[in-house]
Amino acid sequence: MLYREAGDYKTSYPADSQTFPIAFDRYRYWVVLAVAFLVIPFFVNDYIVNALLLPFLIYSIAAIGLNILTGYAGQVSLGTGGFMAVGAYACYKLMTAFPDVNILIHVVLAGGVTAAVGTAFGLPSLRIKGFYLAVATLAAQFFLVWLFNKVAWFYNYSASGQISAPERTVLGIAVTGPNTPAWASYLVCLVFVTICALIARNLTRGAMGRQWMAIRDMDIAAEIIGVNPLKAKLTAFAVSSFFVGVSGALFFAVYLGAVEVGEAFGINKSFLVLFMIIIGGLGSIFGAFAGAAFLVTLPVFLKLIGVDLLGWPTDLVAHLQLVVVGLLIMFFLVKEPHGLAHLWRLAKEKLRLWPFPH
Amino acid sequence: MSADFLYGIEVVINGLMAGVMYALVALGFVLIFKASGIFNFAQGVMALFAALTLVGIMEGQVPFAHLINATFGTEIHHFGWHVPALLAIFLTVGVMVVFAWAVQRFLFRHLVGQEPIILFMATIGLAYFLEGVGDLMWGSDIKTLALGLPQGGARWLEDATAGLGGEDFYGFFIDKLDIVATGVAIVLVAGLIAFSQYTKHGRAMRAVADDHQAALSVGISLNFIWILVWSLAGFVALVAGIMWGAKSGVQFSLSLIALKALPVLMLGGFTSIPGAIVGGLIIGVGEKLFEFLIGPMVGGATENWFAYVLALLFLVFRPQGLFGEKIIERV
């Protein structure tokens, strides 16, 4: 009864082409934002922020980025971890080289650097397709991690080979470093997530998004109807890498604080983000959020049940987690190949007809 | 001959041997990809799982002992018997056949007609699942594989070649295990080729690889062939698992050899058995030589990425790999 277009008359072109055409969607969106910005910061503690909220927000950005590349433009990438590392190291170098500039600007610039690197690694996608490209992106993953490990300039010649974020403030409140209040790091990530999701949503609705989807569905046919594959593929790589870079920078600076590249940005991170968009739904911004939320809460949930409730040892639960994640991936691919986002879509369709489904 | 040059030759020989090991893993990929179009990312984990199972059976470990102990508070670990190696290998092959059947029955039967990329992602899920199951069943500690395979350097070769290069050269150092692995690989490939050329099921397998629908229409059961192919891949995984397990112990890192096999496949082409072998040799020699010649200049450990970058550069010029089928695109 609430969720339908009927009676919602649009009287101007901007109103007709707005992001959420259904009024209920708009209200829901504002309510979610209001709760996230105005309610949650007052009720969080360190544990909730570090175990759930920060990973969820940061992985959401990475998942949106990968979803643009894989879900919308159809180019499978296994190099997400490597590109996150680029974002983290770019952010670190910028933070230490220009300590007076605001950290938020550094994060955006780190995204820009990653976009450039991503575009360079995206060049072979013009010749290489499908599996071959997926494996080729592994070259980026392994090469970049090796580079950050071996070239001392990247970690400012520190003895441990790690990078650690110095304290930086926004409006006088620390957002990186050990003295950061939980709500501050949460809000910083939330601001980035909101802006990124808004940009991604509108990019994928526009001409550029339609070009990506045409390339995904059949690149030769797309080329024939006038989509420039060079432009479409490289913009997909650039935009995707930008988001992934931003998430890498936040992951390092705000979330972890200190990072060892092989451990934090290894091949497992690439797979994790890939799983998020498969479970969430390829080609859907909501899916990126749903997948990230699912895979961030799953280990916490399993640990709660296995260790705290049943009293199993932690290593057993860790192995069980692999089994559960693997099973879930297979289950989703068999039963619901379009992911959680599709369930959401179905629910909305049902809601439109409710309470008179016939 | 100068000592440096001779050391270079030694590096090349060792690279060839390492390449054989990569090719062993790559073979399993090619078998499955040819017959069913599935790019099986789980091949490396299958090797790990097969090796773990082999060790577990030989030692008489109780499967899922850790889980049982944690749930019921018991203290069981071993049945208290030891199974001879040959019998254990047979039993492990049996386990891999059951695994092949289960994968076919519960996973890929439901995914017939899906896009290749969906199938690929399903095998990533399968890899995670199998890794977890392997750890749960047999425990995650490092195990040694006591099959009695020869270890250490081949002394006689070292002594025989020591005189070649004067003062600084001590002879070629070649691992005996690598020599055995090369022999096994040759036998394995010859066996596979003989199987696919001269037996009924082998011919059926090639027919399926050529064209699914045509094979179906002459009465070949796709289901059976796919189980057969997955079983064969399981067997190849077992061989690779034994070789790699004897080299570096049976442990988690064994599953990472799948990642090493990927550039081999890209180079050789996904659909070609000779390609897997030539690709393996090129990658093996290439990365060892690169590490030997360029590695010291850039800080070493180039083996992590060299294979990928080589394969990437190669693909830019020849997108289907060395021996892969020409990619024809139609609208």
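Chain B has 14 helices and zero strands, where helices (H or I, at least four residues) and strands (E, at least two) are DSSP runs numbered from the N terminus. Chain A has 15 helices and four strands. This is a predicted model: local features need pLDDT of at least 70, side-chain atom pairs count only at pLDDT 80 or more, and totals for chains, interfaces and linings use all residues. Residues are numbered from 1 along each chain as its sequence is written, while chains are lettered from A and ligands numbered from 1 in the order in which they are written.

**Chain A overall**

- The radius of gyration of chain A is 21 Å, close to the 21 Å that the globule rule gives for 358 residues, so chain A is as compact as a globular protein of that length. The radius is taken over C-alpha atoms, and the rule is 2.2 Å times the number of residues to the power 0.38.
- Along the principal axes, the C-alpha atoms of chain A fill a box of roughly 70 × 50 × 45 Å.
- Buried residues make up 46% of the 358 residues in chain A. Buried here means 20 or more other C-beta atoms within 10 Å of the residue's own, exposed means 12 or fewer, and partly exposed is in between, with C-beta atoms placed from the backbone.
- Take the contacts in chain A with a separation of 6 or more: 76% of them are between residues 24 or more positions apart. A contact means that the C-beta atoms, placed from the backbone, lie within 7 Å.

**Helix pair α4/α5 in chain A**

- α4(A) (residues 80-97) and α5(A) (residues 103-122) pack at about 135°, with their axes 8 Å apart. Axes are lines fitted to C-alpha atoms, for helices over the stretch in contact, and angles run from 0 to 180 degrees between N-to-C directions.
- That angle makes α4(A) oblique to α5(A); under 35 degrees counts as roughly parallel, over 145 as roughly antiparallel, 65 to 115 as roughly perpendicular and the rest as oblique.
- By class, this contact of α4(A) with α5(A) has twelve nonpolar, five polar and no charged residues. Ala, Val, Leu, Ile, Met, Phe, Trp, Tyr, Cys and Pro count as nonpolar, Asp, Glu, Lys and Arg as charged, and the others, Gly among them, as polar.

**Chain B overall**

- Of the 331 residues of chain B, 44% count as buried.
- For chain B contacts at least 6 apart in sequence, 73% join residues at least 24 apart.

**Helix pair α2/α10 in chain B**

- α2(B) (residues 43-59) and α10(B) (residues 222-248) pack at about 70°, with axes 7 Å apart, and are therefore roughly perpendicular to each other.
- The residues of the contact of α2(B) with α10(B) divide into twelve nonpolar, four polar and no charged.

**A spot on α12 of chain B**

- Glu291(B) sits in α12(B) (residues 273-293) and, with 18 C-beta neighbours inside 10 Å, counts as partly exposed.
- Setting aside neighbours within four places in sequence, Glu291(B) touches Thr302(B) and Glu303(B). The C-alpha atoms of Glu291(B) and Thr302(B) are 6.0 Å apart, with the two residues eleven apart along the chain.

**Where the chains meet**

- 42 residues of chain B are in contact with 37 residues of chain A.
- On the chain B side, the elements giving two or more residues are α3 (65-72), α5 (116-138), α11 (257-268) and α14 (303-317), and α5(B) has the largest share, 16 residues.
- That side of chain B divides into 31 nonpolar, eight polar and three charged residues.

Note on methods
Two residues are in contact if their C-beta atoms, placed from the backbone, lie within 7 Å.
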